[in-house]
Amino acid sequence: MNRLLSIKAILTFFIALVMCMPAYADKVYNVDYVIVGGGATGLSSAVQAQQLGLKVVVMEKQAITGGTGNFAEGLFAAESSLQIRQGIDVSKEFAFKTIMDYSHWRANAPLVSAFVNKSAETIEWLKQFGIQYEYIGVGGFGGPLTWHVVGDYEQDGKTYHHGKAVMMALTKTFVNNGGTLLLETPANDIIKKDGKVAGVIGSTKDGEKVIVNAKAVLISSGGYANNKEMMKKYSRYPEMIFIGQIGKMGDGIQMAWKAGAAEEGVDVMQSYRPGLAGFHPASQLIAAAVQPYLFVDPKGHRYTDESNITEWPQSGNSLERIGGTAYSIYDDNSRQMFINQGIDMPLGEWVIYGTKLDKLDDEFNKELAKKNGNVFKCNTIEEVAKAIGADPAILKKTVADINKAADMHKDDLYHKNARYLRSVSKAPFYVTKLHPRALGTLGGVKINEKAEVVDVDGEVISGLYAGGLDAGGMYGDSYDLKLGGGTFGFAINSGRIAAENAAKYVKGK
Ligand SMILES: Cc1cc2nc3c(=O)[nH]c(=O)nc-3n(C[C@H](O)[C@H](O)[C@H](O)COP(=O)(O)OP(=O)(O)OC[C@H]3O[C@@H](n4cnc5c(N)ncnc54)[C@H](O)[C@@H]3O)c2cc1C
């Protein structure tokens, strides 16, 4: 009995000893604020936190910083000094109401308000790092001018454009200000002590364990676009084709959920113009295919107002609801117009309005030679129907209807703007398959207007922040392109908001 008791005492002693020992790690950092992901949200948060006196570590999974922020072109603002100087009347009130109305007030109103109210000041804030603005554009064609497109930026003899310019400027500022940037060091878990967040565990590419002890943690790992299982579980269209996403496995979202975060907006996608997998956003084959003339479902029916291609969420949603496959059909007159006169519908900054598609024939013929069913060139509408598996009678009626609408300058079916009514009459006919595409996922972790992560009861998880693509609440059920630059803008603004509140928290204010 005595022997048993003494073994139990020894065991208890060792367990207590192990629990008191700090966890082993090859590398340990002790800072105020650790950031998971060195993209748009993470870098803006890091620099803002430094300015507020915090010691910061940024953990970045890839060998370079910037993430999807490197692909962005411009960011949203309302009432910026540039807008006011140019007489552009986009008030904060208008922007807030537009976002809330679009989401049917499913968006997080305090968060949207905080974002809109900060947006103009963020345009100014970026200027101190050498960022300039080229022009202010729209989201959807004809929309309000809110998209502050970033101009050229020089660093070490090289010129960077758009989002890449912002990412380069913030990275340099962070490192020059003494920040610790850990590249190729993915974060794996959040450390919690006494119910509070206390840091992050990660690993280097050589398998070394890294511990960053910090009072405050920001989750900004850029969503879960590359995680097939999460896409299957949460997305309305799991086969989504993503653009500009590398290693986005939802790491930060999973870490936050494990630490007690509630879910918000995890099924929302940043819908983009439909297209094909493996094609660059500047592809002329896709630029021609998404000109808004005639899109049909696999049975040969028109299923949407093609001109909503400029309002990506509408375009993506209507394609998703017919199963995710459509065909764009244009005739030889249109093909010649694309090549000789230029395109009518711009593709943002990638293929601008009026671009003459001088590479179209080349790109189309290369794809045609692959015989993979992505494109067809046909001499009759019956041949088109056969190629896409539609009933020829249905497709012939659809084509006759669009030709009549083009003649009459009136679309009685979907009331498309007459500018985009063009007939499909001169052979050969060019057919391109279209599938839904997206620029990322748009939610996961529930936050409040301070970018603090909250649990299912709405209680703040002390010390834990999230922003950008990892955070939900900016949208209802669909991405909002009414106001251009919303997601890049939200990333940078939510990063800054998180830093400001983390600084107060760390300093005990
Ligand atoms: C082609 C294209 C054009 C776009 N243009 C615009 C535009 O003009 N305007 C606009 O508003 N939006 C635009 N966007 C969207 C915009 O780029 C994103 O909304 C923004 O970059 C999101 O910022 P983020 O910080 O959430 O993610 P990111 O910028 O992607 O940063 C996330 C970072 O986290 C890293 N990471 C992932 N997992 C881990 C881990 N476990 N540990 C450490 N690091 C990790 C990633 O490698 C990445 O660097 C565009 C997107 C694309 C693809």
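**View 1. Lys258 is an exposed residue of helix α8 in this predicted model.** Lys258 has 11 C-beta neighbours inside 10 Å and therefore counts as exposed (12 or fewer other C-beta atoms within 10 Å of its own, with C-beta atoms placed from the backbone; 20 or more make a residue buried, and partly exposed lies in between). Helix α8 covers residues 251-258 (helices are DSSP runs of H or I, at least four residues, and strands are runs of E, at least two, numbered from the N terminus). The C-alpha atom of Lys258 is separated by 8.4 Å from that of Ile190, 68 residues apart along the chain. Residues are numbered from 1 along each chain as its sequence is written. In this predicted model, local features need pLDDT of at least 70 and side-chain atom pairs count only at pLDDT 80 or more, while totals for chains, interfaces and linings use all residues.

**View 2. Strand β18 (residues 326-330) is largely enclosed by the rest of the structure, because five of its five residues are buried.** On one side lie Ala326, Ser328 and Tyr330, and on the other Tyr327 and Ile329.

**View 3. Strand β18 pairs with β17 and with β20.** Pairing requires at least two DSSP bridges between two strands. Strand β17 (residues 295-296) is antiparallel to β18, with two bridges; Phe295 stands opposite Ser328. Strand β20 (residues 429-441) also runs antiparallel to β18, joined by five bridges, and Lys433 of β20 is the bridge partner of Tyr327.
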